[in-house]
Amino acid sequence: MPRYEYRCRTCGDTFELSRPMAESAAPAACPAGHDDTVKLLSTVAVGGSASAPAPQAGGGGGGCCGGGCCG
C-alpha cells in the first residue's frame, strides 16, 4: 500500500499515512488531532541498474546532437 506524506498547518508536524491510492486526496488528521493538513509532494526513489550502454565520448556516429542529426 502506498505511503503519503502530510504536514499539519496548525502544529507544523509532518507525518506519513499508508492508504489506498483511491484515498490519497482524502482529508487526513495529524497525530495531534488537527484537521488542517496538506498532502506533500514526494519524490520516488527507484533502485536498480540500467541495461542501456553508457554514451561514448567523441560521438561515435549516429544520434542527435544540438537538435540536428549527426551522420
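A residue is called buried when its relative accessible area is under 20%, exposed when that area is over 50%, and partly exposed in between, using a 1.4 Å probe and protein chains only. By that rule C30 is buried, with a relative accessible area of 5%.

Before we go on, a word on the model. It is predicted, so local features need pLDDT of at least 70 and side-chain atom pairs count only at pLDDT 80 or more, while totals for chains, interfaces and linings use all residues. Residues are numbered from 1 along each chain as its sequence is written, and side-chain values use heavy atoms, with hydrogens and water left out.

**The sheet**

Let us start with the strands, which are DSSP runs of E of at least two residues, numbered from the N terminus. In this model 3 strands form an open antiparallel sheet in the order β2-β1-β3. Because β2 and β3 stand at the edges with a single partner strand each, one side of each has no neighbour in the sheet. Strands count as paired if DSSP finds at least two bridges between them; β1 and β2 pair over 5 bridges in the antiparallel sense. Within this pairing, Y4 stands opposite L17 in β2.

**The core**

A nonpolar core is a set of buried Ala, Val, Leu, Ile, Met, Phe, Trp, Tyr and Cys residues joined through side-chain atoms within 4.5 Å. The largest one here has 6 residues: Y4, Y6, C8, F15, A28 and C30. Strand β1 (residues 3-8) gives the largest share of this core, 3 residues.

Here are some buried residues of the model:

| Residue | Relative accessible area |
|---|---|
| Y6 | 2% |
| F15 | 8% |
| C30 | 5% |
| S24 | 15% |

Aromatic rings of Phe, Tyr and Trp (its six-membered ring) pair if their centres lie within 6.5 Å; planes under 30 degrees apart count as stacked, over 60 as edge-to-face and the rest as tilted. The structure holds 1 aromatic pair. Y6 and F15 form this stacked pair, at 5.7 Å centre to centre with 20° between the planes.

**Two loop residues**

Both S24 and C30 sit in the loop between β2 and β3. Contact means heavy atoms within 4.5 Å. Leaving aside neighbours within four places in sequence, S24 is in contact with Y4, Y6, R19 and K39, whereas C30 is in contact with C8, C11, F15 and T37. C30 and R7 are 23 residues apart in sequence and 7.7 Å apart in space, C-alpha to C-alpha.

Note on methods:
Helices (H or I, at least four residues) and strands (E, at least two) are DSSP runs, numbered from the N terminus.
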